[in-house]
Amino acid sequence: MKLIVNIDDLGLTEKVNESVVACFKVGVVQSTTLMMNQPATEHAIELIKQGLVPNVGLHLTLTSGKPILAPRLVPDLVDSDGDFLKQDKVLASEVLSFDQAYSEFKAQYDKAINAGIKITHIDSHHFAAVFPPYKKAFIAFANDTGIPVRRVDHVVSGCEGLTVPTTEGFSARFYADGVTLERLQALILEFSAKIPNGTLELMSHTTLEGDKLLPTLSRYADKRVDEFNILTSQALKDWLEVHKIECIGFDSI
């Protein structure tokens, strides 16, 4: 089996960005996705331009911060302050504008391309792009870009209509209580038995010790250091080699 460990949230804080660079140097992690509207987005772009983050996808953001487009152009997507609707508000919405969502997806994508980034694939923060109100717009946008995406069936079942490459498996269980080396190994073996010739994507989130900005931006903070320590451990790297698990990025699917 092949394994993609993707670190979400590049651009959230500088320590998140630095943790991604450190993970790439070890080699288990060969994929990350960049947020275009966060405090350390420009810092991340500088690291990418220095060649320190070689495989970068787009982490479409629809539930944190402000849109790239003017709020008046995407009124269905924002609250009265012009901030994106929170997760619970999006999930509670039966319908949000297809055209507004598609336009904001394209604005974030274009901002990354115009920054000189070669996008390897696309996923989304909090899985928001595949929440029911956005899923059709996301599939249409992904197909139009022609580049790989994270599976779209982990919130609502079904990948119908998706014509771009994706992985045979995806798991978000390397998170919170699932963040131990033993549970990660069990998870990988579980999928290796199911899809021995396929590719599994694991979602991950990392940062370094002392990230004081992170708790102001995310409720998931402390465990990110634990994830970092596991993903950079020699024990995991040796175990993957013994079990013939090949670590790749989305540029290889």
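This is a predicted model: local features need pLDDT of at least 70, side-chain atom pairs count only at pLDDT 80 or more; totals for chains, interfaces and linings use all residues.
Helix H1 covers residues 14-26 and helix H2 covers residues 41-49; their axes lie 9 Å apart and meet at an angle of about 25°. Angles under 35 degrees count as roughly parallel, so H1 is described as roughly parallel to H2. The crossing of H1 past H2 is right-handed. On the H1 side, the contact is made by Glu 14, Asn 17, Glu 18 and Val 21, while H2 brings in His 43, Ala 44 and Leu 47. Sorted by class, the contact of H1 with H2 comes out as 3 nonpolar, 2 polar and 2 charged residues.

Helix H4 takes in residues 98-114, and it packs against H5 at an angle of about 40°, with the axes 9 Å apart. This angle makes H4 oblique to H5. The crossing of H4 and H5 is right-handed. From H4, the contact draws on Phe 98, Ala 101, Tyr 102, Phe 105, Lys 106 and Tyr 109. From H5 come Tyr 134, Lys 136, Ala 137, Phe 138, Ala 140, Phe 141, Asp 144 and Thr 145. Split by class, the contact of H4 with H5 has 10 nonpolar residues, 1 polar residue and 3 charged ones.

Asn 55 sits in the stretch between H2 and strand S3, which spans 56-60. Is Asn 55 buried or exposed? Its relative accessibility is 14%, and buried means under 20%, so Asn 55 counts as buried. Leaving aside residues up to four places away in sequence, Asn 55 touches Phe 24, Gln 30, Ser 31, Thr 32, Thr 120 and Asp 251.

Next come the salt bridges, and the structure holds 10 of them. One of these joins Asp 9 to Arg 224, with 3.0 Å between the closest N and O atoms. The two partners belong to distant parts of the chain, 215 residues apart: Asp 9 is in strand S1 (residues 2-10), and Arg 224 is in helix H7 (residues 222-231). Both Asp 9 and Arg 224 are buried.

Another salt bridge pairs Asp 123 with Arg 150, where the closest N and O atoms are 3.2 Å apart. Here too, distant parts of the chain are linked, with 27 residues separating the partners. Asp 123 lies in strand S4 (residues 119-124), whereas Arg 150 lies in the loop between helix H5 (132-145) and strand S5 (169-171). Asp 123 and Arg 150 are both buried.

Glu 190 bonds with Lys 194 in a salt bridge whose closest N and O atoms are 3.4 Å apart. Glu 190 and Lys 194 are 4 residues apart in helix H6 (residues 181-194), so about one helical turn separates them. Lys 194 has a relative accessible area of 56%, so Lys 194 is exposed.

Terms used. Residues are numbered from 1 along each chain as its sequence is written. Side-chain values use heavy atoms; hydrogens and water are left out. Axes are lines fitted to C-alpha atoms, for helices over the stretch in contact, and angles run from 0 to 180 degrees between N-to-C directions. Helices (H or I, at least four residues) and strands (E, at least two) are DSSP runs, numbered from the N terminus. Angles under 35 degrees count as roughly parallel, over 145 as roughly antiparallel, 65 to 115 as roughly perpendicular and the rest as oblique. A crossing is left-handed if the near helix is turned anticlockwise from the far one by less than a right angle, and right-handed if clockwise. Contact means heavy atoms within 4.5 Å. Ala, Val, Leu, Ile, Met, Phe, Trp, Tyr, Cys and Pro count as nonpolar, Asp, Glu, Lys and Arg as charged, and the others, Gly among them, as polar. Buried means under 20% relative accessible area, exposed over 50%, partly exposed in between (1.4 Å probe, protein chains only). A salt bridge is a side-chain nitrogen of Lys or Arg within 4 Å of a carboxyl oxygen of Asp or Glu.
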